[in-house]
Amino acid sequence: MAEYTPRYMPGAAQTWTTSASVSAGNLLVISGSGTVAASSTATESFIGVAGVDAASGAQVTVYTGGIQKLIASGSITAGNTVEAAASGAVAAHTNGTNDGRIVGVAVTTATNGNVVYVQMER
C-alpha cells in the first residue's frame with residue numbers, strides 16, 4: 001500500500017471516511033457529511049491531502065496545512081496560486097476568478113502529471 005508524508009512541517013493529521021477510493025497524495029474534498037473524496041474539479045470544499053491509499057468507505061488519514069506534495073494538472077509555476085483539479089491534483093488558479101477556490105501557493109514549478117509542492121492556504 002502506498003503512503004504519503006508531507007515534505008516539511010507535517011500538517012495536522014485527521015481521520016475521515018472516504019466516499020470513493022482515494023490514493024495517497026490526492027487532494028481531498030468534502031464529499032458529504034463526514035466523508036471525503038479525491039478532488040474532481042475546482043471547489044471550495046478541499047480539506048487536505050490523503051496520507052494513504054483507501055477504498056471507498058474506509059478510514060483515511062488527511063494532512064492539512066503546511067507544505068504538501070501534490071500532482072500538477074497542467075503547468076504550474078512557483079508562486080502561482082493553485083486550485084483543486086481532476087483526479088486529486090491541483091491546477092494553476094486564475095486570480096480574480098472564484099478566488100475562494102484557492103488551495104494554496106506553489107513553492108516549486110511543475111509540468112502536467114509531475115509533483116508540485118504547495119503551501120496550503122488553510
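Me: How much of the accessible surface of the protein belongs to carbon and sulfur atoms?
Reply: This is a predicted model. The accessible surface comes to about 5,600 Å². The share belonging to carbon and sulfur atoms is 49%.

Me: How many strands does the protein have?
Reply: There are zero helices. Along the sequence, the pattern reads β-β-β-β-β-β-β-β-β-β. The number of strands is 10.

Me: Why is the protein as compact as a globular protein of that length?
Reply: The globule rule gives 14 Å for 122 residues. The radius of gyration is close to that value, so the protein is as compact as a globular protein of that length. That radius of gyration is 13 Å.

Me: Is strand β4 mostly covered or mostly uncovered?
Reply: Strand β4 runs over residues 46-50. Four of its five residues are buried. Strand β4 is therefore, with buried meaning under 20% relative accessible area, mostly covered.

Me: Which residue in β4 stands opposite Val 29?
Reply: Strand β2, residues 27-32, pairs with β4 in the antiparallel sense. The pairing has three bridges. Opposite Val 29 stands Phe 46.

Me: Which residue in β5 is the bridge partner of Ala 50?
Reply: β4 also pairs with strand β5, residues 59-64. This pairing is antiparallel, over two bridges. The partner of Ala 50 is Val 62.

Key
Residues numbered from 1 in each chain as written. Predicted model: local features only at pLDDT ≥ 70, side-chain atom pairs only at ≥ 80, totals over all residues. Heavy atoms only, no water. Rg over C-alpha atoms; globule rule 2.2 N^0.38 Å. Areas by Shrake-Rupley, 256 points an atom, 1.4 Å probe, with all protein chains shown as cover. Buried < 20%, exposed > 50% of the residue type's maximum accessible area, 1.4 Å probe, protein only. Pairing = 2+ DSSP bridges.
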